[in-house]
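Colleague: I am new to this structure and would like to learn how to read a few of its features. Could we go through them one at a time?

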Amino acid sequence: MTKITPQPGIMDIALYVGGKSYLDGAGEVLKLSSNENPLGPSPKALAAFQGATDLHLYPPTDHADLRAAIGKTWGLEPDRIICGVGSDEVLQFVTQAYAGPGDEIIYTEHGFSMYPILARMAGATPVCVAEQERVVDVDAILAAVNERTRIVLLTNPGNPTGTLISDADLVRLADGLPFDVILVIDGAYTEYADGYDGGVDLARARHNVLMTRTFSKIYGLGGLRIGWGYGDQELIDVMNRIRQPFNLSNAQLAAGAAAARDDDWLTRCSALNAEQRPRLAAALRQLGVACDDSQTNFVLARFADEAEAASADAALQADGIIVRRVGGYGFPEGLRITVGDAGQTGRVIAALTGWRENP
Ligand SMILES: *Cc1c(COP(=O)(O)O)cnc(C)c1O
């Protein structure tokens, strides 16, 4: 008998590990491990979802209404937008369409753990580049580019670091890349970053820059799986060839479009985060726990060492609070804490204060 062998790279993939959502033995838990929106989705998105009851009808394949809604909200040409099952699927389109065996895909030290998985799914080789003090290092990325490089995957602002590189640095990165290397700017947390537009100008002006965005974070629709990308027409056309025609259901399309049109909900969610994020960061520092100024909806708390992080994590869990251990992202001493509403943030601060007093 000969063995059935999967495509190159597939057996090198370690399964993605998501944020914990339950605690053994605990009843109601406060889940602050997956950067979910404490206010949930827009009531208008929920109503649109509930109204999508024509379950026997196939959805449209062109996503025209959703793309129009996104285009209007963000001032983008709908023709240059592609929608996917989460932005994860859009990232998969670009890696699958443009990289294969023998090619390299660059990502950074604390980058999203899906990136090496996506590279291997395409049969390509993931190449990890160091960051500088938890900030993406443009020069190190450029130094890692060679004739095998096809794609650079960048999260800005970063997860789990929460740090942002400037527009000037993004331009410098794009300028320094060979014309046939695609720069993907993963903007899952764009809406939480002050004065940052996710790299729209670059994606509009350059043929080799793709911006990806999601409805999973500030739009509070992580459970529904909707994301999108914006870039050069040719990039979009190529990716549409490998997109399954019915990748988004009627419910996803309806809820996504309603969410995109609800500016007030976006403003409200953004304001809540802008209020609670500095409060959480200040409380952490007060307790002697280091953290950078975050440009996202989470704070990366850096404890003295791994043991201290584990002890704080245990104290939080004892109070029914789940946060994210981020050893797999290069921070054994870290806990990534999603910014909740006022009451939730208060619970985190109280639990950590109690832990400090009584470790
Ligand atoms: C949450 C997140 C996403 C979003 O993924 P979806 O598939 O859209 O839910 C993408 N990139 C990063 C870095 C993230 O943290």
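This is a predicted model: local features need pLDDT of at least 70, side-chain atom pairs count only at pLDDT 80 or more; totals for chains, interfaces and linings use all residues.

Colleague: Let us begin with helices. How is a packed pair described?

Modeller: Two packed helices are described by the angle between their axes and the distance between those axes. Here, helix H3 (residues 86-98) packs with helix H4 (residues 114-121) at an angle of about 40°, and their axes are 9 Å apart. Angles under 35 degrees would count as roughly parallel and 65 to 115 as roughly perpendicular, so H3 is oblique to H4.

Colleague: Is the crossing of H3 and H4 left-handed or right-handed?

Modeller: The crossing of H3 and H4 is right-handed.

Colleague: Which residues of H3 and H4 make the contact?

Modeller: H3 contributes Asp 88, Leu 91, Gln 92 and Thr 95, while H4 contributes Met 114, Tyr 115, Leu 118 and Met 121. Sorted by class, the contact has 5 nonpolar, 2 polar and 1 charged residues.

Colleague: H3 also holds Ser 87. Is Ser 87 buried or exposed?

Modeller: Ser 87 has a relative accessible area of 8%. Buried means under 20%, so Ser 87 is buried. Apart from neighbours within four places in sequence, Ser 87 is in contact with Thr 212, Arg 213, Thr 214, Ile 226 and Gly 227.

Colleague: Now the sheet. What is the order of the strands in the open sheet of 3 strands?

Modeller: The order is S9-S12-S11, and the pairing is antiparallel. Strand S9 (298-302) and strand S11 (324-326) are the edge strands, each pairing on one side only. On average, neighbouring strands of this sheet are turned by 30° against each other, direction ignored.

Colleague: How many bridges join S9 to strand S12?

Modeller: There are 5 bridges between S9 and S12 (residues 331-338), and the two strands run antiparallel. As one example, Val 299 has Ile 337 in S12 as its bridge partner.

Colleague: Which helix packs on the sheet?

Modeller: Helix H11 (residues 306-318) does, touching S11 and S12. The direction of H11 makes about 30° with that of S12.

Colleague: One last residue. Where is Asp 232 found?

Modeller: Asp 232 sits in the loop between strand S8 (227-231) and helix H8 (233-242). Not counting residues up to four places away in sequence, Asp 232 touches Arg 80, Ala 203, Arg 206, His 207 and Val 209. Lys 20 is 212 residues from Asp 232 along the chain, and their C-alpha atoms are separated by 37 Å.

Notes. Residues are numbered from 1 along each chain as its sequence is written. Side-chain values use heavy atoms; hydrogens and water are left out. Two strands pair if DSSP finds at least two bridges between them. Helices (H or I, at least four residues) and strands (E, at least two) are DSSP runs, numbered from the N terminus. Axes are lines fitted to C-alpha atoms, for helices over the stretch in contact, and angles run from 0 to 180 degrees between N-to-C directions. Contact means heavy atoms within 4.5 Å. Angles under 35 degrees count as roughly parallel, over 145 as roughly antiparallel, 65 to 115 as roughly perpendicular and the rest as oblique. A crossing is left-handed if the near helix is turned anticlockwise from the far one by less than a right angle, and right-handed if clockwise. Ala, Val, Leu, Ile, Met, Phe, Trp, Tyr, Cys and Pro count as nonpolar, Asp, Glu, Lys and Arg as charged, and the others, Gly among them, as polar. Buried means under 20% relative accessible area, exposed over 50%, partly exposed in between (1.4 Å probe, protein chains only).
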